[in-house]
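Work through the exercises below with the sequence and the coordinates at hand, and try each task before reading its solution.

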Amino acid sequence: MLIDLHAHSTASDGTDDPGALVRAAAAAGLDVIAITDHDTTAGWASALAARPAGLTVVRGAEFSCVYEAPGAHGVNLHLLGYLFDPAHPGLLAEQGKQHDARTARARRMVARLVADGYPISWQQVEELAAGGPVGRPHVARALVQAGVAPSVDAVFADLLAHTSTYHVGKRNTDVLEMIRLIRDAGGVTVFAHPLAWRRGPVVDDAAIRTMTEAGLQGIERDHPDHDAESRAHIAALGGELGLVLTGASDYHGSNKTHNDLGICTTSTESYEALLAFGTALPPVSD
């Protein structure tokens, strides 16, 4: 089977609406696709309503987290949660906080850009978010539309880079707490792109051991941002810790031009190992 366990729609920062995402997954020859929008489950219903025959849909989300080591600066990271109960009170409350923080952050970035004369508006950014959580990619797309930059990647490398005066930090959940919340909601937890160092600082092996002790169940090995050396390191560490090794595209539509659906995949054995943990929700298939 061809299994891609990490993809985004317009419910967060992708450019395909949830229906288009599942149709694109089927057209790409995938057997299983996970919809994992940032800090939201808003795209689930539309994805299931449009699911083509023969395609299995795994419902999930990618949560914005931080690892706080004693005496050190926190490191931001992403945690994938799959097949959890979306009505779990603790998880719902945390998602609400994340949604509010994302919106406030985006407003501040837009205000800074507008104050310096960049021809964008908050209304434009909201429209690009299409009713989903507003994030940095929507601000970037507004700048591309305005002709300020040629691509979202170019905006992220310059105007909205972490070192830019227009960049605003975001509120992230402690990753150990998020692991607990997802597990309490009947979900499965996988550490997303752990060695994507080009995006910024990454956690060390000791942090991953601590996360595993807290209930982490899997780790994303095969990812477009991981080179061969990184994949080998993750495989060795994951094997030592008993983590399920996964792979995925991290598809965002045209927002990420080198993350085509199915470019990285999860083995059937790893997929079945994740499901064997037991989940609040089953994958949806024929």
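This is a predicted model: local features need pLDDT of at least 70, side-chain atom pairs count only at pLDDT 80 or more; totals for chains, interfaces and linings use all residues.

**Exercise 1: A salt bridge and its surroundings**

The side chains of R231 and D222 form a salt bridge, with 3.4 Å from N to O.

**Exercise 2: Salt bridges within a helix and between helices**

Describe where the partners of the R180 and E177 salt bridge and of the E240 and R209 salt bridge lie in the chain.

Step 1. In the salt bridge of R180 with E177, the closest N and O atoms are 2.6 Å apart. Both residues belong to helix α7 (residues 175–184), where a spacing of 3 residues separates them by about one helical turn. An α-helix has 3.6 residues a turn, so residues three or four places apart point the same way. R180 is partly exposed at 39% relative accessibility, and E177 is also partly exposed, with a relative accessible area of 32%. A network of salt bridges links E177, R180 and D184.

Step 2. For E240 and R209, the closest N and O atoms of the salt bridge are 3.1 Å apart. Because E240 lies in helix α9 (residues 228–241) and R209 in helix α8 (residues 205–213), the pair ties together parts that are 31 residues apart in sequence. E240 counts as exposed at 52% relative accessibility, while R209 counts as partly exposed at 32%.

**Exercise 3: Aromatic pairs**

Classify the ring geometry of W44 with F84 and of Y118 with Y166, and state which parts of the chain each pair joins.

Solution. The structure holds 3 aromatic pairs, and two of them are worked through here.

Step 1. The rings of W44 and F84 are 5.4 Å apart from centre to centre, with 50 degrees between their planes, and the pair is tilted. W44 lies in helix α2 (residues 44–49) and F84 in the loop between β4 (75–82) and α3 (89–115), so the pair ties together parts that are 40 residues apart in sequence. Both partners are buried, W44 with a relative accessible area of 7% and F84 with one of 0%.

Step 2. Y118 and Y166 form an edge-to-face pair, at 5.6 Å centre to centre and 85 degrees between the planes. This pair links distant parts of the chain, with Y118 in the loop between α3 and α4 (122–129) and Y166 in the loop between α6 (152–157) and β5 (173–174), 48 residues apart. Y118 is partly exposed, at 23% relative accessible area, whereas Y166 is buried, at 11%.

Step 3. W44 and F84 also belong, together with F63, to one aromatic cluster. A further ring, that of F156, has the charged end of R136 sitting over it, 4.0 Å from the ring centre.

**Exercise 4: The buried face of a helix**

Which residues of helix α10 (residues 268–275) are buried, and what covers them?

Solution. The buried residues of α10 are S270, Y271 and L274. Viewed down the helix axis, these buried residues fall within an arc of 100 degrees, so they line one face of α10. Their cover includes the strands β1 (3–7), β2 (32–35), β3 (56–67), β6 (188–191) and β8 (244–247).

Note on methods:
Residues are numbered from 1 along each chain as its sequence is written. Side-chain values use heavy atoms; hydrogens and water are left out. Rings of Phe, Tyr and Trp (its six-membered ring) pair if their centres lie within 6.5 Å; planes under 30 degrees apart count as stacked, over 60 as edge-to-face and the rest as tilted. Helices (H or I, at least four residues) and strands (E, at least two) are DSSP runs, numbered from the N terminus. Buried means under 20% relative accessible area, exposed over 50%, partly exposed in between (1.4 Å probe, protein chains only). A charge sits over a ring if NZ of Lys or CZ of Arg is within 6 Å of the ring centre and within 35 degrees of the ring normal. The arc is that of the directions from the helix axis to the C-beta atoms. Contact means heavy atoms within 4.5 Å. A salt bridge is a side-chain nitrogen of Lys or Arg within 4 Å of a carboxyl oxygen of Asp or Glu.
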